[in-house]
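The sequence and the coordinates are shown first, and the description follows.

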Amino acid sequence: MKPIKVGLLGIGTVGSGTFKVLERNQEEIRRRAGRGIEISMVAARNVERARSIAGAGVTVVGDPFAVVNDPDVEIVVEVMGGTTVAKDLVMQAIANGKHVVTANKALLATYGNEVFAAAQDKGVMVAFEGAVAVSIPIIKALREGLSANRIEWVAGIINGTTNFILSEMRDKGLDFGVVLKEAQRLGYAEADPTFDIEGVDAAHKATILSAIAFGIPVQFDKAYVEGIVQLAAADISYAFQLGYRIKLLGITKRTQNGIELRVHPTLIPIKRLLANVEGSMNGIMVKSDAAGITMYYGAGAGSEQTASAVIADLVDVTRLHTADAAQRVPHLAFQPDAMSDMPVLPMSEVVTSYYLRLNVADQAGVLAKVTGILAEAGISIDAMLQREADEVGGEGSTHTDLIILTHDCVEAKMNAAIAQMQALPTVLSPITRIRKEELA
């Protein structure tokens with residue numbers, strides 16, 4: 001059979017990696033797909049640079065709409081990013097009856113419902129393994145490998161930049177700002193790292209995982225998002241003393257009342273495999289009723305790592321593009337007419353346990369007042385750590401740190417208790433609150 005023709009939108013880090021891997025492994029890929037996969041057309045801002053990567057046999061254009069409107073292109077690969085022009089291009093490709101492969105998590109988390117509905121109507125596929133934890137085939141695992149299971153929860157380190165920063169903060173005892181500058185110098189963090197450090201990138205990915213795990217629409221606007229900017233080296237040290245490590249997790253859970261969808265720093269027991277995912281690596285745990293707990297580990301970014309996921313999608317589309325649309329795996333794992341309307345819970349209704357750090361005056365009665373407020377709120381204490389004043393503020397210090405681990409309680413109740421504790425004159429600084437998950 002003739003090679004299937006692919007149009008590529010963007011030839012930066014991911015696009016160039018896709019060319020390299022396709023060229024290097026073309027025979028292996030052809031044997032798996034049943035026919036060749038050929039990038040015949042590329043759209044790029046820098047046309048000359050794109051020509052130097054793509055070679056003489058590939059048409060290179062500056063207008064990306066020329067690619068999605070070309071009648072010879074059967075699959076459009078979108079790796080340009082963003083949610084404006086990229087959305088228009090993807091929707092136009094679908095309208096033209098072309099299959100789409102994308103690694104654009106922001107696009108799918110924000111407009112996925114619209115994109116998937118349009119693809120369903122046209123009978124084309126939208127494949128997106130590269131959108132989440134690129135070298136880890138987590139989309140395929142949830143959609144296909146675990147399709148016999150009722151998923152209970154998914155929890156993952158799905159942003160390599162923040163995981164690198166937290167690993168360095170723990171290993172070197174440095175505060176966030178210092179490590180961020182080093183991460184930028186080494187290329188682990190962007191010049192503008194906002195989406196990473198504020199948790200937005202992880203929330204895009206968690207939104208996609210939640211939709212596939214539970215068969216609900218993508219609902220990024222309902223996600224609770226908290227980054228790592230406020231974390232201090234002291235909290236990482238205290239957590240370690242108590243037997244935990246702090247990771248930025250994307251978490252989605254099924255409960256009786258609805259679906260939890262949240263991203264925030266989280267204490268994880270050191271004995272958990274996920275707590276030992278270090279540097280810029282990603283790790284995802286899934287708990288399901290039949291398979292139990294499974295874990296997936298690998299690089300979450302990189303040129304060829306993302307290309308691996310993109311090309312795997314190309315192979316899938318090539319195998320199935322002539323098949324009856326009803327026989328293909330649904331975009332969000334569940335049949336479109338069988339999607340759940342379970343609500344995404346507001347954070348105030350989420351039940352979890354907590355780490356609290358209070359900087360308090362070193363005087364009698366402080367501990368009794370704090371524990372009294374928690375007791376009145378019905379919040380039980382799991383563990384406590386109180387530092388000597390001179391360990392915290394130096395010799396002659398009049399303040400100290402009080403660290404409390406709680407048992408499970410609803411977030412609204414904890415919010416009210418924190419407000420009461422914060423109002424105490426003996427609580428000298430804003431209270432640090434970090435959620436805790438046992439992941440068992």
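Helices (DSSP runs of H or I, at least four residues) and strands (DSSP runs of E, at least two residues) are numbered from the N terminus. Arg185, for example, lies in helix α9, residues 176-186.

The model is predicted: local features need pLDDT of at least 70 and side-chain atom pairs count only at pLDDT 80 or more, whereas totals for chains, interfaces and linings use all residues. Residues are numbered from 1 along each chain as its sequence is written, and side-chain values use heavy atoms, with hydrogens and water left out.

## The chain as a whole

The protein chain contains 16 helices and 17 strands. Its C-alpha trace spans about 80 × 45 × 35 Å along the principal axes. The radius of gyration, taken over C-alpha atoms, is compared with a globule rule of 2.2 Å times the number of residues to the power 0.38. For 440 residues a compact globule would have a value near 22 Å, and the 24 Å of the protein chain agrees with this.

Residues are called buried under 20% relative accessible area, exposed over 50%, and partly exposed in between (1.4 Å probe, protein chains only). Buried residues account for 54% of the 440 residues in the protein chain. Accessible areas come from the Shrake-Rupley method with a 1.4 Å probe, and for residues only the protein chains shown count as cover. The protein chain exposes about 18,600 Å², of which carbon and sulfur atoms supply 49%.

A contact means heavy atoms within 4.5 Å. Among contacts between residues at least 6 apart in sequence, 74% join residues at least 24 apart.

For charge, Lys and Arg count as positive and Asp and Glu as negative, while His and the chain ends are not counted. Each charge is placed at NZ of Lys, CZ of Arg, CG of Asp or CD of Glu. There are 41 positive and 50 negative side chains in the protein chain, and the centres of the two sets lie 5 Å apart.

Ser210 belongs to helix α11, residues 200-214. Ser210 counts as buried because its relative accessibility is 1%. Beyond residues up to four places away in sequence, Ser210 touches Gly215, Ile216, Thr252, Ile259 and Leu261.

Val344 is situated in the loop between α13 (303-320) and β13 (351-361). With 10% relative accessibility, Val344 is likewise classed as buried. Val344 and Arg262 are 82 residues apart along the chain, and their C-alpha atoms are separated by 9.8 Å.

## Polar contacts between side chains

A polar contact is a pair of N or O atoms within 3.5 Å; within protein, one must be able to donate a hydrogen and the other to accept it, and residues adjacent in sequence count only if both atoms are side-chain atoms.

| Residue | Partner | Distance |
|---|---|---|
| Ser210 | Thr252 | 2.8 Å |
| Arg387 | Gln241 | 3.3 Å |
| Arg185 | Glu182 | 2.7 Å |

Arg387 lies in the loop between β14 (381-386) and α15 (389-393). Leaving aside neighbours within four places in sequence, the residues in contact with Arg387 are Tyr238, Gln241, Val392, Thr400, Asp401 and Ile403. Arg185 is exposed, since its relative accessible area is 59%.

Most residues other than glycine have a negative phi. Ala133, in contrast, has a positive phi near 50°. Ala133 is found in the loop between β6 (126-127) and α7 (138-145), and at 2% relative accessibility it counts as buried. Leu439, which is not a glycine either, has a positive phi of about 55°. Leu439 is located in the segment after β17 (432-436) and is buried, with a relative accessible area of 6%.

Which residues of α7 are buried? They are Ile138, Ile139, Ala141, Leu142 and Arg143. The buried residues of α7 pack against β7 (151-157), α11, β11 (281-288) and β12 (292-299).

## Gly372

Gly372 is part of helix α14, residues 366-376. A relative accessibility of 25% makes Gly372 partly exposed. Gly372 and Ile434 are 62 residues apart in sequence and 20 Å apart in space, C-alpha to C-alpha.
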